[in-house]
Amino acid sequence: MTQQTSLIDRFGRQVDYIRISVTDRCDLRCIYCMSENVRFVPRSQLLTLEEIVRIGAAFVALGVRKIRITGGEPLTRNNILQVFHQLGRLDGLQELTLTSNGTQLPRYAHALRRAGVKRINISIDSLRPDRFHAITRNGEIEKTLAGIDAAIAAGFERIKLNAVVLKNRNHDEVLDLVGFAIDRGLDISFIEEMPLGIIDEHDRAEAYYSSDLILADLRKRYEMYPTTESTGGPSRYYRIAGQETRVGFISPHSHNFCDQCNRVRLTAEGRLLLCLGQEHSLDLRRVVRANPSDDRPLRDAIIAAMQLKPKGHDFDLTAQPVIFRHMNSTGG
Ligand code: SAM
Ligand code: SF4
């Protein structure tokens, strides 16, 4: 029997959204996301695809309405379509979506659309091949551009580009990125870098470029006005006069969004993270493995975990990171 309830934390926030990381591995090595000599979790420690679906289904039974599949690069996990097909069939799930770096989309876009994925996010921080290569440490922009084209051809209802903006690396490209999105009828969100994990390539405080600076840059060319539209995540949206494109800002430093937080994350090893910027967590892999044929303990554990959800993050770019996991293991 489906248990219909809702997940409410100690601060009265309703959790109706989970981001599930299906792998911490990736074919790129973005400088803000992981260190160059990253060590990935041994495959034996990952949740199986069946366990991912089982946990996703338990969240939906408890009132979660939106699942985002992420990673690492989710499309590098073998047989990942199986997860989309099975989650996509769950009664009560209103939205199944994906964040991807796009490189595998030429292969997967149509199948994802057929599995019921309506909207996807594709990350691209620069349109210049040399910069794209430098930011991703090894990436070829042609692959991500081909992925964007494949997503457009597959007919997703909405495609959003994500760009992390770093001062002196790509901050001067925000107008070009918005122009690129407008030309293709896509949305775009600009993200302030978060201090997750130790990185060696740059100083995060020096690279900080705030959402307000980006907005001021964009207003030099576009007439932009704020909207109350939401896509269920942390983006604050602006519309551009006369265009379909929405421009979002994810601003963990300059416009804290914790009081609106409606989401939790599941790492590829099955750790339920109650906050992106804190370590409060619960090991759901242990719970599913201890109870292979009974979902009640899993649902009870999820309900109990809501009491662990902290009030918010307290990111400080000038201090040593207090969160040692990188974004690829967190599930961005
Ligand atoms: N590989 C996929 C991708 O890049 O879209 C999905 C996973 S990635 C971790 C999800 C999002 O997190 C991407 O848009 C990426 O740019 C963003 N991200 C990674 N590390 C970040 C950081 N330290 N601060 C802010 N955003 C970050
Ligand atoms: Fe890979 Fe995405 Fe992290 Fe870049 S941001 S290294 S594409 S997981």
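Which of the 19 residues around ligand 1 come nearest?

Reply: The model is a predicted one. Of the 19 residues around ligand 1, those that come nearest are Y32, G72, S123, M194 and M327.

Two of these also take part in polar contacts with the ligand. For Y32, the contact is through the backbone: one of its polar backbone atoms lies 3.1 Å from a nitrogen atom of ligand 1. For S123, the side chain is used, with an N or O atom placed 2.6 Å from an oxygen atom of ligand 1. A further side-chain contact comes from R204, where an N or O atom is 3.5 Å from a nitrogen atom of the ligand. On its own, ligand 1 has 540 Å² of accessible area, and the protein covers 95% of that.

In terms of secondary structure, two strands each give two or more residues to the shell around ligand 1: β5, residues 95–100, and β7, residues 158–164. Sorted by class, this shell holds nine polar, six nonpolar and four charged residues.

The crossing of α1 past α9 is right-handed. On the α1 side, the contact is made by R54, I55, A58, F59 and A61, and on the α9 side by L298, R299 and I302. Six of the residues in this contact are nonpolar and two are charged, with no polar residues.

One loop residue can be described as well. T227 sits in the loop that runs between β9 (224–226) and β10 (236–240). Its side chain reaches the backbone nitrogen of E229 at 3.1 Å. Once neighbours within four places in sequence are left aside, T227 has contacts with Y237, Y238 and R239.

Note on methods
Residues are numbered from 1 along each chain as its sequence is written. Chains are lettered from A and ligands numbered from 1 in the order in which they are written. This is a predicted model: local features need pLDDT of at least 70, side-chain atom pairs count only at pLDDT 80 or more; totals for chains, interfaces and linings use all residues. Side-chain values use heavy atoms; hydrogens and water are left out. A residue is near a molecule or strand if one of its heavy atoms lies within 4 Å of it. A polar contact is a pair of N or O atoms within 3.5 Å; within protein, one must be able to donate a hydrogen and the other to accept it, and residues adjacent in sequence count only if both atoms are side-chain atoms. Accessible areas come from the Shrake-Rupley method with a 1.4 Å probe; for residues, only the protein chains shown count as cover. Helices (H or I, at least four residues) and strands (E, at least two) are DSSP runs, numbered from the N terminus. Ala, Val, Leu, Ile, Met, Phe, Trp, Tyr, Cys and Pro count as nonpolar, Asp, Glu, Lys and Arg as charged, and the others, Gly among them, as polar. A crossing is left-handed if the near helix is turned anticlockwise from the far one by less than a right angle, and right-handed if clockwise. Contact means heavy atoms within 4.5 Å.
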